[in-house]
Amino acid sequence: MLDANHRRNRLAYQGLATLLEHAGLADHAHYLNWGYHSDCPDRDQACHRIADHEPNHSQARLVLEIIGKTPLDGKRIMDIGCGRGGALALLQRFYAPTQLIGIDISPSNIAYCRQQHQGRRLRFQLGDACRLPHPDNSVDVVLNMESSGAYSDLPAFFEQVQRILAPQGYFCFSDVIDQNSLPLLQEALSLCGLELQQHRSVRQEVLASRRRASPHLWRRLQQVLAELDNPSLHAELQQYLANPDSPLFAALEEGRADYIIQHWRKSTRRAQPIGPALQEALRQRGQRLEQVQQPRQTQPPTPRPATPAERGGSWLPLSHPAMQARPGHCQLFALPYAGGGASIYRDWTSASAHWSLHPLQLPGHENRLAEAAHVNMDKLVQQLAAVLQPYVQQPWALLGCSLGGKIAFELARHFSAQGTPPQHLIVLACPAPSVPVRQALSHLPPAQFAHAVAQLGGTPTDILQHTDMMQTVMPALRSDSQLAEHYCCANDCSIDAPITLFYAEDDHLVTPEQALQWRNHTRGRFSAQAVAGGHFFLRQQRPQLLACIDQLLSSPWTEEIAHA
């Protein structure tokens, strides 16, 4: 017979399944974890990489970070609290275990897993984490993610993990905890005969993932919660969703709670019983976590003026430009193609001491989806100019791909008029700014517009085939199309900066003749280089492009400005 806490958890999981079903996300939500996002590869420990364009990629990244370097090939793996089965399906994709077992207390979760995830070595069972129906020493690796806080008898769960683990077996554990509970958990696991191999806090990476989650998705979930008209379910699911407005998110952000990853290994030590006092303290873990979610009653800090870098924070999500650059160092600000965001330049790193890259994020894109995207070039350039103003008194340059090249050109015109032009303008796969758009798309009905976007290329197939994701990115794509269609400068508009053009002769959107007209828009030197790869060659030709950019910014042209 289930106790009250287990009944509550079953109802919460059933409620979550109902929420996802009503939101139209049931077939796509393979994970129930909070995700992982990091811009610092030195902190990452996953052995495999997930492409940013893959659905649920941040949730998949968290699974791989929790596994870390734990050996899984040839192992028997059990995911206790398997949720919707995404973790085991991911491990089956990247590793070669002999057996994968998912255990969950929710019948709806197990039914979903059995329907969605197939594999000869993969099976899912309804079960209680504190009373596992499996033999001693029968599992090599136990995975437990973000579910231990829901267990009514945590000491019993730890004892079950020790019992089913084979000698020298691994326990990969992650969850949100308050700081006072951490030593209690570690004492209990040690008494059970497990040895701590690794402890990590990934609080910042988890928070970054929650911040980057689609605002459209949050709005949709909140809308469905309101439609279900179940206040108790609404309160319960806030804990599971941890959206950026929730008390749990605030507790993590302020350091009152932490998100930990731990690796334990079954030792040869004899397990000792967990005493009554420690058992009771562990049972109070949920109450302590609720307490740290209460806002602190303190005086608010005195506001201080925001620095220019902070004011531009949402525009520069991946880097922090220096207010005073090193001698001989150039800061390169990069703008994406239509529909793209700053992340298209995420892997553009340079070992050069002569320059650094700073991708710009436009409103309406990626982590700024909640904001309205610009359809007016002048207004967009005014806002971007305000962001870049603190950095243009030192060496700086602009780079833009496709539509981003035209935005970069208008920014260069703005600062040329002020007497602080960029050191260089680099444009990729972009017709000259005086060439009007040949095909208007922004007015098309949704189905026709989506078909036209697919024909253009550049949007990953996974997104095109994912109805909810297409609904999320469609407004940005349509706004960018409108921005491009309404912009065209005069033939004699030019800038006081050299221009380097990269174009593809096999580009189905931009002809070489249209691209080479860029030579008419500089009073400095113009250079052009043909590359292979079609309109989106920046993906395939990244090493070549980086090498050329390094040469351009390391040895800037110094000849007198003169129209060629």
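Modeller: In the largest nonpolar core, which has 43 residues, those that touch the most other members are Leu384, Leu388, Leu398, Ile407, Leu411, Leu425 and Trp518. Two or more residues each come from strand S8 (330–335), helix H14 (377–388), strand S10 (396–401), H15, strand S11 (425–428), helix H18 (467–485) and strand S12 (499–504). A nonpolar core here is a set of buried Ala, Val, Leu, Ile, Met, Phe, Trp, Tyr and Cys residues joined through side-chain atoms within 4.5 Å. Buried denotes a relative accessible area under 20%, exposed over 50%, and partly exposed the range in between, with a 1.4 Å probe and protein chains only. Helices (H or I, at least four residues) and strands (E, at least two) are DSSP runs numbered from the N terminus.

The model is predicted: local features need pLDDT of at least 70 and side-chain atom pairs count only at pLDDT 80 or more, while totals for chains, interfaces and linings use all residues. Residues are numbered from 1 along each chain as its sequence is written, and side-chain values use heavy atoms, leaving out hydrogens and water.

Leaving aside residues up to four places away in sequence, Leu388 is in contact (heavy atoms within 4.5 Å) with Phe333, Leu360, Trp396, Leu398, Leu411 and Phe415. A second, separate core comprises 40 residues, among them Tyr36, Leu62, Ile77 and Ile110. In soluble globular proteins, nonpolar side chains tend to be buried together.

Turning to the charged pairs, the structure contains 16 salt bridges, each defined as a side-chain nitrogen of Lys or Arg within 4 Å of a carboxyl oxygen of Asp or Glu. One of them lies in helix H15 (residues 403–418), where Glu410 and Arg413 are three residues apart and thus separated by about one helical turn. Their closest N and O atoms are 3.2 Å apart. Glu410 is buried at 9% relative accessibility, whereas Arg413 is partly exposed at 32%.

Another salt bridge joins the side chains of Glu205 and Arg43 at 2.4 Å, N to O. Because Glu205 belongs to helix H7 (residues 203–212) and Arg43 to the loop between helix H1 (4–22) and helix H2 (57–67), this pair ties together parts that are 162 residues apart in sequence. Glu205 is buried, at 5% relative accessibility, and Arg43 is partly exposed, at 38%.

Arg131 and Asp128 also form a salt bridge, with an N to O distance of 2.5 Å. Here Arg131 is exposed at 52%, while Asp128 is buried at 13%.
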